[in-house]
Amino acid sequence: MQCIDLKDKLHERQPEVVEIFGEIQAWYTENVKPLEDKQDIGEFAEFLLKYPEQVESILNFISSCRTGNWEGYLSSLENIIKYFFARDLLKYARLMLVHLAQMNALETEYPETWNALKS
């Protein structure tokens, strides 16, 4: 139920997103985190253990886009590219790598553009 609330609040751009995500993360830490140390838990369980990390990466990306945090945008984009590869979204993965390389090159090639995006 909380995950559905999180999705709805995220789409509506409600400020309660942070609070709901914190509650889900607390539940995860209490109930699932102790299972992470166990060996041979199965592929699906391993996926479920990594899922909150994926969601947090996407939320960081959305937050940096909405707040205009340029360096946060580049950092979070670099973090989520691995999920494009994992989901076999190769066109996105390849194009995001090119985009990220071009955006990082702005710092040395076009410092005035870099500074404008940063501010």
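This briefing describes the fold, the surface and several individual residues of one protein model. The model is predicted, so local features are reported only at pLDDT of at least 70 and side-chain atom pairs only at pLDDT 80 or more, while totals for chains, interfaces and linings use all residues. Residues are numbered from 1 along each chain as its sequence is written, and side-chain values use heavy atoms, with hydrogens and water left out. The protein has six helices and zero strands, and 24% of its 119 residues count as buried.

**Overall fold**

- Read along the sequence, the pattern of the protein is α-α-α-α-α-α. Helices (H or I, at least four residues) and strands (E, at least two) are DSSP runs, numbered from the N terminus.
- The C-alpha trace spans about 50 × 35 × 25 Å along the principal axes of the protein.
- The radius of gyration of the protein is 17 Å, whereas a compact globule of 119 residues would have one near 14 Å. The radius is taken over C-alpha atoms, and the globule rule is 2.2 Å times the number of residues to the power 0.38.
- Among the contacts with a separation of 6 or more, 34% are between residues 24 or more positions apart. A contact means heavy atoms within 4.5 Å.

**Surface and charge**

- The accessible surface of the protein comes to about 8,900 Å², and 56% of that area belongs to carbon and sulfur atoms. Accessible areas come from the Shrake-Rupley method with a 1.4 Å probe; for residues, only the protein chains shown count as cover.
- For single residues, buried means under 20% relative accessible area, exposed means over 50%, and partly exposed is in between (1.4 Å probe, protein chains only).
- The protein has 12 positive and 20 negative side chains, and the centres of these two sets lie 5 Å apart. Lys and Arg count as positive and Asp and Glu as negative, while His and the chain ends are not counted. The place of a charge is taken as NZ of Lys, CZ of Arg, CG of Asp or CD of Glu.

**Aromatic residues**

- A search of the whole structure finds four aromatic pairs. Rings of Phe, Tyr and Trp (its six-membered ring) pair if their centres lie within 6.5 Å; planes under 30 degrees apart count as stacked, over 60 as edge-to-face and the rest as tilted.
- One of the pairs is Trp-70 with Tyr-73, which is stacked, at 5.6 Å centre to centre and with 25° between the planes. These two residues are three residues apart in helix 4, and so they are separated by about one helical turn. Trp-70 counts as buried at 10% relative accessibility, and Tyr-73 also counts as buried, at 16%.
- Phe-84 and Tyr-92 form another stacked pair, with 5.8 Å centre to centre and 25° between the planes. Phe-84 counts as buried at 19% relative accessibility, whereas Tyr-92 is exposed at 51%.
- One aromatic cluster is made up of Phe-61, Trp-70, Tyr-73 and Trp-114.

**Residues in loops**

- Pro-15 lies in the loop between helix 1 (2-11) and helix 2 (17-31). Pro-15 counts as exposed, at 66% relative accessibility. The C-alpha atoms of Pro-15 and Ser-64 are separated by 15 Å, and the two residues are 49 residues apart along the chain.
- Gly-68 lies in the loop between helix 3 (43-67) and helix 4 (70-86). Gly-68 is partly exposed, with a relative accessible area of 46%. Gly-68 and Leu-95 are 27 residues apart along the chain, and their C-alpha atoms are separated by 22 Å.
- Asp-88 is in the loop between helix 4 and helix 5 (90-109). Although Asp-88 is not a glycine, it has a positive phi of about 60°. Asp-88 is exposed, with a relative accessible area of 57%.

- Ser-57 is found in helix 3 and counts as buried, at 3% relative accessibility. Not counting residues up to four places away in sequence, Ser-57 touches Asn-79, Ile-80 and Tyr-83.
- Phe-44 is found in helix 3 and is exposed, with a relative accessible area of 60%. Phe-44 and Ser-64 are 20 residues apart in sequence and, C-alpha to C-alpha, 30 Å apart in space.
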